[in-house]
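Thanks for making time this morning.

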Amino acid sequence: MHSHFICMDKTIKITYNDKSFDFDLLKGSENELGINIKDLRSKTGLITLDPGYKNSGSCISDITFLDGEKGILKYRGYSIEDLANKADFLEVAYLLIFGELPSKIQLEKLKNNINEESIVDEDLKVILKSFPKSAHPMGVLASLTSALTAFNPSAVDINSEENMFEAIVMLLGKFPILTSWAQRKVKGLPLIYSDISLPYIDNISQLMFKRPNQKYEPNPVVTNALNKLLILHADHEQNCSTSTVRIVGSSHAGLFASVSAGISALWGRLHGGANQAVIEMLESIRSDGGDTKKFMKKAKDKNDPFRLMGFGHRVYKNFDPRAKILKVSADEVLKELGVTDPVLEIAKELETEALNDKYFIDRKLYPNVDFYSGIIYRALGIPTEMFTVMFALGRLPGWIAQWREMRLNNEPIGRPRQIYTGPTDRVFTPLDLR
Ligand code: CMC
């Protein structure tokens, strides 16, 4: 693995206690600049404080580039627009994980390897059975993914690229089955296995939608929309869940345990859980009488915790390029499937109002990927509580790619520092005197 950065001939000077220290200025391949503070503490005794890591790079990476100001997203140098419109999800997965677009032979080999692994131990059903029907599928998915470790202990100790490949293929094969089971349990549908005669995306559809009394026929509108959605979600550099996967993996916990932790991080409403929160918000606006202006006002009121779900992004401060692609796709899907839905009308109203509102314009709050993905998932008939699971299905290759890069680069264990602000020396009082 070769992660490249250029060490600039400039340095950054930090003066502290009348002493001056030089730190290298680094430049990435897309001209991003950063100060290398690797030796800051050993040289100066100081640490930096950056809650939420708004200014801190945790690694160097060859996988994904995004420019939040210009609204650019690229995987391994290929624009997201090209990939979403021209590529197949599995090609993109290969590209993210291994660095190059696959040849026909390489893709075929990957598909065959995944097919071999498209099966899980029947005993996983016992674990699934013990969850209540009301369990959120993200919690179920995190547990089942973690349980894969117990059923495949050989995939834990990764000592060679061969071990690594085996674990990766296992996860790509087994994960769609787990995601479908998490949903089918809630719906009371039989737990089925992959159909390896189908392409990867159509197999995902049959795992989700196939009913026991029907022959499953893939619908090209659903296939296209899912392919695009999964590609657009496939990676997003060092976001909350990906950083989680890297940090858990940095302790050399296995791939499945690391991804399970990533699923938990993705679940939250401020991250992947926003797609579910968008539809729930639209539904509550509808049941409240459909007055979008009232909710716009609430979103702007600093004394009200309500936020407009599906708006704003930590890094995109202009527009979210994924949202731009999905907006077109959402219109196509609604038209092709002939869906009319009052909740989606509310979405359109809210979008127009927010795009023309000073508060949202000033803070650069635009509809994000979750705003439109929620709308498409709903039109495809996917239950609301499954939306974040769909995000996880798409993000899987990104998590794997980032975990693989971290291991191949031999990154040190992730272990941030802190500034302690608690009490200093205190005298212990025995329990009976307190
Ligand atoms: N509705 C109303 N006000 C908002 C919103 C919103 N959705 N998002 C940000 N603001 C305001 C915020 O109150 C603050 O205002 P002020 O400067 O007056 O205090 C300002 O905009 C900056 O917000 P922030 O919270 O400092 O920004 P952040 O970068 O920490 O948070 C965010 C980014 C995505 C968590 C946030 O915009 C948000 O909560 N959005 C709604 C949830 C959502 O849609 N999440 C999906 C993100 S995209 C998919 C993913 O990557 O997971």
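The crossing of helices α9 and α18 is right-handed, a term used when the near helix is turned clockwise from the far one by less than a right angle; helices here are DSSP runs of H or I with at least four residues, numbered from the N terminus. By class, the contact between α9 and α18 has 5 nonpolar, 2 polar and 1 charged residues, where Ala, Val, Leu, Ile, Met, Phe, Trp, Tyr, Cys and Pro count as nonpolar, Asp, Glu, Lys and Arg as charged, and the others, Gly among them, as polar. This is a predicted model, in which local features need pLDDT of at least 70 and side-chain atom pairs count only at pLDDT 80 or more, while totals for chains, interfaces and linings use all residues. Residues are numbered from 1 along each chain as its sequence is written, and side-chain values use heavy atoms, with hydrogens and water left out.

On the α9 side, L226, L230 and H233 meet M390, F391, L393, G394 and R395 of α18, contact being heavy atoms within 4.5 Å. The axes of α9 (residues 220-233) and α18 (residues 387-408) come within 7 Å and cross at roughly 65°, with axes fitted to C-alpha atoms over the stretch in contact and angles running from 0 to 180 degrees between N-to-C directions.

Stepping back, of the 434 residues of the protein, 48% count as buried, meaning under 20% relative accessible area with a 1.4 Å probe, protein chains only. Along its principal axes, the C-alpha trace spans about 75 × 65 × 55 Å.

Terms used:
Helix = DSSP H or I, 4+ residues; strand = E, 2+ residues; numbered from the N terminus. Buried < 20%, exposed > 50% of the residue type's maximum accessible area, 1.4 Å probe, protein only.
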